[in-house]
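Reader: I have this one open on my screen and would like to walk through it. Can we start with the ligand?

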Amino acid sequence: MNQNWRGAVVRHLLLLVVCCALLGLISGEYAWALVLGLGAYLAWHVKQLLRLHHWLRHRQPDEAPPEGYGLWGEVFDNIYHLQRRDQRVRGRLQAVIDRVQESTSALRDAVIMLDSDGNLEWWNRAAETLLGLKTPQDSGQSISNLLRHPRFKEYFEQGNFQEALELPSPINDRLRLQLQITQYGNREHLMLVRDVTRLYQLEQMRKDFVANVSHELRTPLTVIAGYLETLLDNVEEVNPRWLRALQQMQQQGARMQNLLNDLLLLAKLEATDYPSDNQPIAVDLLLLSIKNDAQALSAAKHHRISLEADAHLKLKGSEAELRSALSNLVFNAVKYTPAEGEIRIRWWGDEQGGHFSVADNGPGIEAKHLPRLTERFYRVDSSRASNTGGTGIGLAIVKHVLLRHRARLDIASVPGKGSTFTCHFPAQQVIRRS
Ligand code: ADP
């Protein structure tokens, strides 16, 4: 109440008391006159209060407050202004919400809001065309009931949304979608879904092209290598001046054959998501056979190759793929470690899963190369790679095979001291037998 109103109320009360006193003087009943006066005053206030209450309860939108007198009139007007202001603010907020909803509805990418349990709260029109969500039936449904792809289920349950997920659309196999989930607020999820069919087709074309070219080059190369071998088998009939050229041609031919085989293997690995088989593999036996091959490869270089493997720990996956990945790492250690060097192969398990490592005391790799080492054709030193007959695809194959077995590759290296390549397999891929 401001100062003016306080004065006015005091004045009214004083006036009332004076009137009551006058009435008391006339009637001789001072007490009754005061009671009567104050009672009337109280009744008037109660009436105003009831009018206010009635207006607040039953008012129509925008209905003006009832006419009030004195302080009550001021109270009615103030409440009315507060309500009008509140309405205006709400209207503005609603307009903002409507605009955001309209613009997200018009997006070609799907936007889906999920609560902390993964139940659908809101989605735009594109979500209906890309994922087949139905309004309003699907509201409150769990997203994993609507997107039933096993990879989505696994991705959502893991809760690690660092990388986007690519899937075929549940309503149209030819559509390829990229899903990206972001968590916000109280563990709610915002899911963005993009149509990446065009990119996927281009990528597919690239893979097919590499696979086809590699396949087509194989036959002519086999013919050339065959003739070279025949020529070198009958070396006495060959002009001695051609001998070195022929030997080099045979060496480079073998390198090209390795390269084609690696490219074909990589194309095959890229063609499917998961390894075709998921059999338990006796890693210790697999490593023993790889170690023997490594010993044969090392031959005159006399590396000291040791193997420590837990015979009770098996790995689920494709044996052929794992043989190719693990042998790539072991053979790299043999190729790059100088004669008499030491190579340690290990396979062990702990609560995180299974781990395979190859450590050598070879030349090591500078830190700046490490992040790019698993790229196709990436070599630390191309002259060194050509000496060793390397193709630069070995570690790309390793990375792909590991990805398909949900594993990751760690590379630690100190130039001049040696390198350690470690593969970490998650617990779900490992079987322990006591
Ligand atoms: P490559 O067929 O050339 O061996 P990789 O993809 O297997 O291709 O390896 C990529 C590069 O990583 C190699 O060219 C080599 O320089 C480096 N590298 C791989 N393993 C080792 C190792 N054990 N010690 C040193 N360098 C290595």
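Reader: How far is a nitrogen atom of the ligand from an N or O atom in the side chain of D360?
Author: The separation is 2.9 Å. Keep in mind that this is a predicted model.

Reader: Which polar backbone atom is 2.8 Å from an oxygen atom of the ligand?
Author: That backbone atom belongs to L395. The protein covers 99% of the 530 Å² of accessible area that the ligand has on its own.

Reader: And what about K335, how far is its side chain from a ligand oxygen atom?
Author: An N or O atom in the K335 side chain lies 3.3 Å from an oxygen atom of the ligand.

Reader: How many residues surround the ligand, and which are the closest?
Author: There are 20 around it, and the closest are N332, Y336, D360, T391 and L395.

Reader: D360 again. Which residues does S419 contact, leaving aside neighbours within four places in sequence?
Author: D360 is one of them, and the others are V358, A359, G364, I365, A412 and S413. With S413 there is also a polar contact between side chains, at 3.0 Å.

Reader: Where is S419, and is it buried or exposed?
Author: S419 sits in strand β12, residues 418-426. Its relative accessibility is 4%, so it counts as buried.

Reader: Which residues of α10 are buried?
Author: N332 is among them, along with others including E321, L322, S324 and V334.

Reader: Where is A299, and what is its phi?
Author: A299 is in the loop between α9 (283-298) and β7 (304-309), and its phi is near 40°, again positive in a residue other than glycine. A299 has a relative accessible area of 48%, so it is partly exposed.

Reader: Change of topic. What are the domains?
Author: The domain assignment gives domain 1 (3-101), domain 2 (107-195), domain 3 (203-271) and domain 4 (279-432). The centres of domain 1 and domain 4, taken over C-alpha atoms, are 87 Å apart.

Reader: What about helix α3, what span should it have?
Author: Helix α3 runs over residues 70-106, and those 37 residues should span 54 Å at 1.5 Å a residue. Its end C-alpha atoms are 54 Å apart, which agrees.

Reader: Which residues of α3 are buried, and what do they pack against?
Author: The buried residues are W72, G73, F76, Y80, T104 and S105. They pack against α2 (30-58), β1 (110-114), β2 (120-123) and α4 (125-131).

Reader: Which residues does the cis peptide bond join?
Author: It joins T135 and P136, with omega about 0°. P136 is in the loop between α4 and α5 (143-146).

Reader: Last one: L177, buried or exposed?
Author: L177 counts as buried because its relative accessibility is 1%. It lies in strand β4, residues 176-184. Among its contacts beyond four places in sequence are L130, L131, V193 and V196.

Definitions and conventions:
Residues are numbered from 1 along each chain as its sequence is written. This is a predicted model: local features need pLDDT of at least 70, side-chain atom pairs count only at pLDDT 80 or more; totals for chains, interfaces and linings use all residues. Side-chain values use heavy atoms; hydrogens and water are left out. Helices (H or I, at least four residues) and strands (E, at least two) are DSSP runs, numbered from the N terminus. Buried means under 20% relative accessible area, exposed over 50%, partly exposed in between (1.4 Å probe, protein chains only). Contact means heavy atoms within 4.5 Å. A polar contact is a pair of N or O atoms within 3.5 Å; within protein, one must be able to donate a hydrogen and the other to accept it, and residues adjacent in sequence count only if both atoms are side-chain atoms. Domain bounds come from an automatic or database domain assignment. A residue is near a molecule or strand if one of its heavy atoms lies within 4 Å of it. Accessible areas come from the Shrake-Rupley method with a 1.4 Å probe; for residues, only the protein chains shown count as cover. The expected span of a helix is 1.5 Å times one less than its number of residues.
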